[in-house]
Amino acid sequence: MRKSMSRSKSRLIRAGLAAGAATAMLLAATATPALAAPNALVLSSPSGPSEGGNTITATATVTANDPAPFTAGVTPYVQFQWFGASAAATCSLTYKAAAAITANATSPYALTGGVVITAAADVKKLSTTKLAITIPSDDAASGQNNDGLKLAANQTSAKYNLCVYSGTVATTSPLIAKGTYTIAVPPTITEFTPEGGPSLGGNDITVTGTGFTPGAGAVAGTTATNATLGGRALTNIRVATNGLSFVGTLPSNPSTADQTLVVTAAGGRVSSDDPDNNPATNNPLYYNYSFGLSISPNTAPEGGEVDLDIMGAGFLELNWGSAASAAHVYLVRDAPYTQTAPNSDIECEDVLPIMDTELICTLDTTGEDLGAYTVTVVASGSTLANQAAEDAVAPNGYVESDITSGATFTIAPY
């Protein structure tokens, strides 16, 4: 009897354990899953000007769990959530409807509590991983009741979480992607010195103004302030800690007059065509290159051949050859070289461009007059009667008056 009761009790215990395990498995299967971490956003520009209006792209870094965060069923809803020293540097995991945003006196947006909502029309879904977002500006027509993404009084920069939610009407739509975006004062240029220099470049220029960003940029090895002159990048840029000036090394440039300096910083870009970033008060500033060449050697005796090493700019962009219309290196006496009166006494032949800033050529001094010659590089050796015809042959701007070097080579008696 005792054995029978013992067996029955054992069966009941085993049945109870099995039922408990099944219940636990059922609860685990039906529990609400934890929200997945939002996909990180890579922004085409991690910063921009106060007042907004510019457009950036935001590309989600995909994961195995979420390879297509902006898939067909998702309507991206974008907010910029301001954070400062006392605010969390993360998006709220709960969808924040406009009515739920409370005022915050410490935020630059008293009406919106530091949250700026992007109008639906300003968010374009380019693919399942990429959005185009126009940064909110002060636009009452948007119906979003915000002042745009702009700096408050006395601010020079402000950082925002760029938060992308799935859906536009639910009160608990999940956060699906996030990034960080900074606004800053737009840069301006007051002046730069010097205002001109040699076409070979290599000299430093000092630029003063406002809004230049010191420190490392978004790309490793670059600065947060970049600049070009005549479309060619300055190197070795050093920005003052107060952001009011920088020094950079100038590139070589075969162009001459009226070269425009363009500076890009956290707050956007400024061109010396409009140095104060205000078209209403435009006072352009320009840099002027001069075509000085460096020649080595600069003298040789009459009666033999000598190889000249010439440093300048734009040599790889010229069409070298034996044809009259090709580029040539001439040594000229008495009067400047022009296409109407070439006056080319000697040609330095067998031209070999080594790089854009250096070429070598062979000069035969046999039977040539003694004295000093001006070394002149021309884009075309054709004799032309007028400037229009000259421009047709050298449309890239290499005309003889621009590239006459002023450098001399002397044929000596010994």
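Two strands count as paired if DSSP finds at least two bridges between them. I kept that rule at hand while reading this model, which is predicted.

**Entry: strand β17**

I began with β17 and its neighbours. β17 and strand β18, residues 268-271, run antiparallel and are joined by four bridges. That is enough for a pair, because the rule asks for at least two bridges. I noted that Val262 stands opposite Ser271 in β18. Two residues lie between β17 and β18, and the two strands form a hairpin.

I then looked for another partner of β17. Strand β13, residues 226-229, is joined to β17 by four bridges, and these strands also run antiparallel. Here Leu229 stands opposite Leu261 of β17.

Is β17 largely enclosed, or largely open? Of its five residues, 261-265, four are buried, so the rest of the structure largely encloses this strand.

**Entry: disulfides**

I looked up how many disulfides there are, and the count is two. One of them joins Cys91 and Cys163, with sulfur atoms 2.0 Å apart. Cys91 sits in the loop between β4 (76-83) and β5 (115-117) and Cys163 in strand β8 (residues 157-166), so this pair ties together parts that are 72 residues apart in sequence. I read -95 degrees about the S-S bond of Cys91 and Cys163, a left-handed link. Both Cys91 and Cys163 are buried.

Cys348 and Cys361 form a disulfide too, and their sulfur atoms are 2.1 Å apart. Cys348 belongs to strand β24 (residues 344-355) and Cys361 to strand β25 (residues 358-364), 13 residues apart. The angle about the S-S bond of Cys348 and Cys361 is 100 degrees, and the link is right-handed. I found both Cys348 and Cys361 buried.

Counting bonded cysteines along the chain, I wrote the pattern down as 1-2, 3-4.

**Entry: Thr190**

I picked Thr190, which lies in strand β10 (residues 188-193). Is Thr190 buried or exposed? Its relative accessibility is 56%, so Thr190 counts as exposed. The cut-off for exposed is over 50%.

Which residues does Thr190 touch, leaving out those up to four places away in sequence? I listed Thr208, Gly209 and Leu285. I also checked Thr190 against Ser272, 82 residues away along the chain, and their C-alpha atoms are separated by 9.0 Å.

**Entry: aromatic rings**

I searched the whole structure for aromatic pairs and got four. One of them is Phe80 with Tyr181, edge-to-face, at 5.9 Å centre to centre and 65 degrees between the planes. Phe80 is in strand β4 and Tyr181 in strand β9 (residues 175-184), so this pair ties together parts that are 101 residues apart in sequence. Phe80 has 0% relative accessibility and counts as buried. Tyr181 is buried as well, with a relative accessible area of 0%.

I noted Tyr287 and Tyr289 next. Their ring centres are 5.1 Å apart and their planes stand at 70 degrees, so this pair is edge-to-face. Tyr287 is buried at a relative accessible area of 0%, and Tyr289 counts as buried at 5% relative accessibility.

**Entry: a charge over a ring**

Last, I looked at Arg333. Its charged end sits over the ring of Tyr373, 5.2 Å from the ring centre.

Note on methods. Residues are numbered from 1 along each chain as its sequence is written. This is a predicted model: local features need pLDDT of at least 70, side-chain atom pairs count only at pLDDT 80 or more; totals for chains, interfaces and linings use all residues. Side-chain values use heavy atoms; hydrogens and water are left out. Buried means under 20% relative accessible area, exposed over 50%, partly exposed in between (1.4 Å probe, protein chains only). A disulfide is a pair of cysteine sulfur atoms within 2.5 Å. Contact means heavy atoms within 4.5 Å. Rings of Phe, Tyr and Trp (its six-membered ring) pair if their centres lie within 6.5 Å; planes under 30 degrees apart count as stacked, over 60 as edge-to-face and the rest as tilted. A charge sits over a ring if NZ of Lys or CZ of Arg is within 6 Å of the ring centre and within 35 degrees of the ring normal.
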